[in-house]
Each structure stands twice: as structure tokens, then as C-alpha cells.
Amino acid sequence: SPIIRDRIFIKIPDSLKLNIFAENRKIGSLNCKQIETEYGGRHWTGWFTEDIPILDGPYVFNGLPGLIIQINDTEQIFDFQVINIINNKEENLYIPKKGKKVSLEIFNKIRQDYYNDPFSYVKLIGAKAMEDDGSGGMKKIDIREKTEMIRLILRNIIPIELNQKIEYK
């Protein structure tokens with residue numbers, strides 16, 4: 001929720017089977033091999049390089065003998081590309097520092113509850129719903145109007161996991 005800023009994490013239920021193909025391509029100075037996979041109800045095509053022996057990539061795409069440089073779905077809605085590579089001394093950049101791990105079912109219930117009443121937390125604690133007035137001050141918002149705006153946005157989100165799209169009611 002953007003209002004209460006809770007951090008939650010879900011385990012991705014799909015397992016990835018990344019297929020490596022013989023086709024090679026140079027991307028910048030990197031020698032890359034083509035890959036394909038199915039994930040989230042979408043077909044994905046991409047490129048990875050063994051020149052950088054890191055078994056990682058964007059989002060959930062990882063596990064190859066090298067860094068995934070680029071991957072996109074066949075509808076061209078999502079396109080992940082490396083734009084810069086820097087040497088980082090961190091052990092693991094992706095271990096969450098705080099938050100609560102929940103199942104997909106609980107996550108979807110949280111999303112549906114937020115859709116039903118995005119200002120429930122504000123109402124619960126008795127706070128006033130305010131927003132920036134554009135001049136450095138604050139102004140009261142029309143909760144009904146903002147709720148409809150939030151619902152419109154949520155109904156029009158295109159999820160990466162097409163097979164997990166919520167049909168809000």
C-alpha cells in the first residue's frame with residue numbers, strides 16, 4: 001500500500017526452465033547466447049553472457065552460467081536490458097532487509113482489500129487524508145474521488161505474471 005508503505009515479499013511459485021540455444025550475438029563487447037523460457041503465462045526470449053560469470057538477471061530470471069543481459073516477452077510489453085555494469089562489494093543486493101513473507105493467496109487478498117478500500121488504514125487510525133497542494137502546503141482530499149482514481153489505475157495495470165492477474169471486483 002502506498003499509504004502505509006508495508007513491505008511484503010512473496011515466493012514466486014513458478015519454476016523457470018531456461019532453454020539455451022546455439023545462436024550467438026555480440027551485445028556491446030559481450031559474447032551472448034540466446035535463451036527462451038515460459039514464465040507467468042508469457043513467452044520470454046533473451047540473451048545471457050558467460051563473459052560475466054554471475055548466475056543472475058532481472059526480476060526472476062536467473063540460474064544460467066552467466067549474467068542475463070537482455071530478456072523480453074514476445075508481446076514486447078516487458079523488456080529488461082542491462083544499461084550499466086558496475087563492480088559492487090555487497091554480498092547480496094537482493095536479500096530483503098525488512099518485510100513480511102506471505103503466500104500468493106495472502107498477497108492477492110491484500111491487493112483486493114486495498115482495491116476495495118485504499119484508505120482503510122487512514123480511517124482506522126483516524127488521520128486526515130491529505131495531499132500536496134502544489135505550493136508546499138497540504139490540502140484535504142476527496143476520498144471517494146481518489147478511491148475511484150486508484151481503482152481505475154489498478155484495473156489497468158498490466159502484470160508481468162499474466163496468469164496471476166487479479167480481476168478486481
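Colleague: In this predicted model, which residue in β6 is the bridge partner of I71?

Modeller: The bridge partner of I71 is F80, which belongs to β6.

Colleague: How many bridges join β4 to β5, and which residue in β5 does T49 stand opposite?

Modeller: The strands β4 and β5 also run antiparallel, with 6 bridges joining them, and within β5 the residue opposite T49 is L67.

Colleague: Is β5 largely enclosed or open, and how should I reason about it?

Modeller: A residue counts as buried when its relative accessible area is under 20%. In β5, 7 of the 7 residues are buried, so the strand is largely enclosed by the rest of the structure.

Colleague: What should I look for when I read phi values?

Modeller: The general idea is that most residues other than glycine have a negative phi. With that in mind, look at Q76, whose phi is positive, near 60°; this residue lies in the loop between β5 and β6 (79–81), and the hairpin of these two strands has 5 residues between them.

Colleague: Where is Y59 found, and what is its phi?

Modeller: Y59 is found in the loop between β4 (42–49) and β5 (67–73), and its phi is near 55°, again a positive value in a residue other than glycine.

Definitions and conventions: Residues are numbered from 1 along each chain as its sequence is written. This is a predicted model: local features need pLDDT of at least 70, side-chain atom pairs count only at pLDDT 80 or more; totals for chains, interfaces and linings use all residues. Side-chain values use heavy atoms; hydrogens and water are left out. Helices (H or I, at least four residues) and strands (E, at least two) are DSSP runs, numbered from the N terminus. Buried means under 20% relative accessible area, exposed over 50%, partly exposed in between (1.4 Å probe, protein chains only). Two strands pair if DSSP finds at least two bridges between them.
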